[in-house]
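The exercises below are meant to be worked with the sequence and the model side by side. Try each task before reading its solution.

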Amino acid sequence: DDEGFSGLVIHMAIVGIEWKEEGDHVVATVGAGESWDDLVATAVAKNYSGIENLSSIPGTVGASAVQNIGAYGVEARELITMVEAYDAKNNILKILTNEECVFGYRESVFKTNQDLVVTQVQFRLEKEYVPKQAYKDIALYIEENGVVTLSLQEMRQAVMAIRAKKFPDLSQCGTAGSFFKNPIVSKGVGEKFLAQYPDAPHYDAENGKTKLSAAWIIDHVLEMKGVREGSVGTWSAQALVVVNYDDATSAQVKKFVKKISDASFEKIHITLEPEVVFVVT
Ligand SMILES: Cc1cc2nc3c(=O)[nH]c(=O)nc-3n(C[C@H](O)[C@H](O)[C@H](O)COP(=O)(O)OP(=O)(O)OC[C@H]3O[C@@H](n4cnc5c(N)ncnc54)[C@H](O)[C@@H]3O)c2cc1C
């Protein structure tokens, strides 16, 4: 926050990618400090697939496991087979299977147990490319560009082009990307919401629950897309993205996002939870 952070900050700089072909797939063992998008670019250049829909997500490979990053119908947990982590409390190096990572929507054991520092992540990628192009934005891109099937390389280009239109240029203004998680609500709450807003996008989630679009809620229910208060605002091309136009303080950002979550709760009784992690001392 604005007071700064009084504690140890570790900059993960373990790099290196090892590729091992095994029958119909390839295992990539990657240092946690590698750039995520460099990994995606290299995999696509090598014709290894599975990861291409996750193009252009800023950050490191280690954080991809922490956050279980996801986009355009793919989540990191679908590809991760193993995570190596340093257990700072017990001073041991641990190997965690996919199951032991307890992945959920933007969740993992690494978020609940902050003594674990991810040092290496192993991914299974496929030699045979199966395009995942059902996601709305990709389907729209295909329609607009008059193609039927995107090749592996074209899929990466498509995702990059879609994202370039949606997200601000990080050299111009600051953002942590999507600020809120898409709410996952009980079937009953989902049905009640959809009766009121029949056009709202919704998806089946785990345990019979319904996943709603936080961006749609901010845009269509709260009408707060592209709203700016001082130096903070929601991005005009994507309501879920909160931006710091110049010198907003942490307190101003927190006040602005609280206004959004309070408005959501008041209007539709649905809580918008932050996806971003707040660093506090
Ligand atoms: C423009 C923009 C677009 C984005 N789009 C997406 C998107 O489409 N999908 C998506 O899922 N995310 C998205 N994000 C969010 C972000 O890119 C991811 O969360 C990414 O994984 C963050 O990586 P990082 O290395 O910057 O991690 P940080 O933000 O530095 O850290 C994230 C959290 O993980 C912890 N952490 C980081 N590395 C380690 C490690 N090695 N071991 C243990 N803990 C660790 C940190 O302590 C922190 O709690 C976007 C962000 C931006 C700015």
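**Exercise 1.** Determine how many residues of strand E2 (residues 25-31) are buried, and which of them point one way and which the other.

Solution. Strand E2 is mostly covered, since seven of its seven residues are buried, where buried means under 20% relative accessible area, exposed over 50%, and partly exposed in between, computed with a 1.4 Å probe on protein chains only. Strands (E, at least two residues) and helices (H or I, at least four) are DSSP runs numbered from the N terminus. Next, sort the side chains: His25, Val27, Thr29 and Gly31 point one way, whereas Val26, Ala28 and Val30 point the other way, and all are buried. This is a predicted model, in which local features need pLDDT of at least 70 and side-chain atom pairs count only at pLDDT 80 or more, while totals for chains, interfaces and linings use all residues. Residues are numbered from 1 along each chain as its sequence is written, and side-chain values use heavy atoms, with hydrogens and water left out.

**Exercise 2.** Find the strands that pair with E2, and name a residue contact for each.

Solution. Two strands pair if DSSP finds at least two bridges between them. Begin with strand E1 (residues 17-22), which pairs with E2 in the antiparallel sense over six bridges; here glutamate 18 has threonine 29 in E2 as its bridge partner. E1 and E2 form a hairpin with two residues between them, and glycine 23 in the turn has a positive phi of about 60 degrees. Then turn to strand E7 (residues 116-126), which also pairs with E2 in the antiparallel sense, over seven bridges, and in which arginine 124 stands opposite valine 27.

**Exercise 3.** Work out where asparagine 207 and glutamate 223 lie, and whether they are buried or exposed.

Solution. Asparagine 207 is found in the loop between strand E10 (202-204) and strand E11 (210-212), and its positive phi is about 55 degrees although it is not a glycine. Because its relative accessibility is 75%, asparagine 207 counts as exposed. Glutamate 223 lies in the loop between helix H7 (214-221) and strand E12 (228-229); glutamate 223 is likewise not a glycine, yet has a positive phi of about 50 degrees. With 63% relative accessibility, glutamate 223 counts as exposed.
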